[in-house]
Amino acid sequence: MRTVTKDNITDVFMGYFGPDTDPRLREVMASLAKHLHAFAKDVNLTHAEWQKGIEFMEWAGEISDKERHEFVLLSDVLGLSSLVDMINSVPEGTSSSVLGPFHISGAPDIPFGHDMKRDYEGEVLLARGRVTDPSGNPIEGAKIDIGQTAPNGLYSSQDPDQDTYSFHGIQTTGADGAYGFTTVKPVSYTVPTDGPVGDILRATGRHPWRPSHLHYIITADGYRPLVTEIFPDDDPYLDEDTVFGVREDLVMKYVEQTPETFPDGYDLSGSVDEPYLVADFDLKLVPLT
Ligand code: BEZ
Ligand code: FE
């Protein structure tokens, strides 16, 4: 008989794998067990603390549904989502960044120049750029799934007062790879704090703010899909994003323009009579290998 002890439990665990276990699953599970065991020993985990952890996960499960993904949020505030992004990033392309728990699929197609702001109050932002390959060649037919919060800091999936797809749309690039639309200047907002993740943030003295951003999910035949977001350089939370999503190449500058310069080809062309902001940002996709 082999007695299980504090010192050999990790080795014993490793010996329990069946011979037909998928090698990658074995690698991941073995490492997970190794680090979990080391963690418990490192902090001398008590029964009461472990029970609290179990209750935390139960609450996260109970509060989650099709629209609310508390485990995604937990992964985000722990920095795990961003770490996975960075581990899997390809240096030749635009960096990826967290999508968060509020993305909704099935947004309507929108043409070039579409106005997502509609009647909402707030500064007009004209966002534009090109989707290219790593050498700067335009990619035709790339689909950009665009999303942001309303000026109240809530995504449509969180807010019964918004239409299902408000501030969401999918634009397809033409031969020049260009995209362009108008919207309301995004706001900084807080991640939800009414669940277990909010408890953790409060207990550890952390704020729940994210710097303002636009979400883009870009897909194109023959290229790696890119899930990312872009951030203005003057946002007060840029250096303290509670979900660690900011990367140097995802930071851009808003340029304020006078109304006469508003370009043709947009829904708002000819009707803008106040200064507006422009965000120019090119998105670089990496070919599939
Ligand atoms: C978001 O950007 O929508 C988001 C990301 C992570 C957690 C919460 C929200
Ligand atoms: Fe967001």
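The centres of domain 1 and domain 2, taken over C-alpha atoms, lie 41 Å apart in this predicted model. The domain assignment places domain 1 at residues 1-45. Domain 2 spans residues 75-284.

Helix 3 covers residues 47-63, and helix 6 covers residues 196-203. Two packed helices are described by the angle between their axes and the distance between the axes. The axes of helix 3 and helix 6 come within 9 Å. They cross at roughly 135°. Helix 3 is therefore oblique to helix 6. On the helix 3 side, the contact is made by Phe 56, Trp 59, Ala 60 and Ile 63. Helix 6 contributes Pro 196, Val 197, Asp 199 and Ile 200. By class, seven of the residues in this contact are nonpolar and one is charged. No polar residue takes part.

Gln 162 was examined next. This residue sits in the loop between strand 3 (143-147) and strand 4 (168-172). Beyond its neighbours within four places in sequence, Gln 162 is in contact with residues including Tyr 120, Ala 150 and Asn 152. Leu 154, Tyr 155, Ser 156 and Phe 167 are also in contact with Gln 162.

How values were computed
Residues are numbered from 1 along each chain as its sequence is written. Chains are lettered from A and ligands numbered from 1 in the order in which they are written. This is a predicted model: local features need pLDDT of at least 70, side-chain atom pairs count only at pLDDT 80 or more; totals for chains, interfaces and linings use all residues. Side-chain values use heavy atoms; hydrogens and water are left out. Domain bounds come from an automatic or database domain assignment. Helices (H or I, at least four residues) and strands (E, at least two) are DSSP runs, numbered from the N terminus. Contact means heavy atoms within 4.5 Å. Axes are lines fitted to C-alpha atoms, for helices over the stretch in contact, and angles run from 0 to 180 degrees between N-to-C directions. Angles under 35 degrees count as roughly parallel, over 145 as roughly antiparallel, 65 to 115 as roughly perpendicular and the rest as oblique. Ala, Val, Leu, Ile, Met, Phe, Trp, Tyr, Cys and Pro count as nonpolar, Asp, Glu, Lys and Arg as charged, and the others, Gly among them, as polar.
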